[in-house]
Amino acid sequence: MKLKGIGQAIRIARIKKGMTQADLAETLGVSQGAVGQWEQGMTIPRPRHIVRLSALLEIPVEELLKAG
């Protein structure tokens, strides 16, 4: 699984929704730094966050994971 692919998918979907990293972080209950690390491909969201990201950003979980 390539972390950059997942991170890029999160970033693109977040921007399409008109959200900042801070907005997304607050909604998910994580730090803005965590969102930045996901988007840069440094780390991957925990499974519970992937499910919430999927719903919030309207990306099927399978598609989000396939991006990696």
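1. Across the whole structure, a search finds 2 salt bridges, a salt bridge being a side-chain nitrogen of Lys or Arg within 4 Å of a carboxyl oxygen of Asp or Glu. The structure is a predicted model, in which local features need pLDDT of at least 70 and side-chain atom pairs count only at pLDDT 80 or more, while totals for chains, interfaces and linings use all residues. Residues are numbered from 1 along each chain as its sequence is written, and side-chain values use heavy atoms, with hydrogens and water left out.

2. One of the salt bridges pairs Arg-14 with Glu-39, and the closest N and O atoms are 2.6 Å apart. This pair links distant parts of the chain, 25 residues apart, since Arg-14 belongs to helix H1 (residues 3-16) and Glu-39 to helix H3 (residues 32-39); helices here are DSSP runs of H or I with at least four residues, numbered from the N terminus. Arg-14 and Glu-39 are both buried, and for Arg-14 the relative accessible area is 7% (buried means under 20% relative accessible area, exposed over 50%, and partly exposed in between, with a 1.4 Å probe and protein chains only).

3. The surroundings of Arg-14 deserve a separate point. A polar atom of the Arg-14 side chain lies 2.9 Å from the backbone oxygen of Met-19. If neighbours within four places in sequence are left aside, Arg-14 is in contact (heavy atoms within 4.5 Å) with Met-19, Thr-20, Gln-21, Leu-24, Glu-39 and Leu-57.

4. Lys-17 and Glu-58 also form a salt bridge through their side chains, at 2.9 Å from N to O. Here too the pair links distant parts of the chain, 41 residues apart, with Lys-17 in the loop between H1 and helix H2 (21-28) and Glu-58 in the loop between helix H4 (47-57) and helix H5 (61-66). Lys-17 counts as partly exposed at 34% relative accessibility, whereas Glu-58 is exposed, with a relative accessible area of 62%.

5. As for the helix packing, the axes of H2 and H3 come within 8 Å and cross at roughly 115°, where axes are lines fitted to C-alpha atoms, for helices over the stretch in contact, and angles run from 0 to 180 degrees between N-to-C directions. H2 and H3 are therefore roughly perpendicular to each other, a term that covers angles of 65 to 115 degrees. In this packing, Gln-21, Ala-22, Leu-24, Ala-25 and Leu-28 of H2 meet Gln-32, Val-35, Gly-36, Trp-38 and Glu-39 of H3.

Notes: Polar contact = N/O pair within 3.5 Å; in protein donor to acceptor, adjacent residues only side chain to side chain. Helix = DSSP H or I, 4+ residues; strand = E, 2+ residues; numbered from the N terminus. Parallel < 35°, antiparallel > 145°, perpendicular 65-115°, else oblique.
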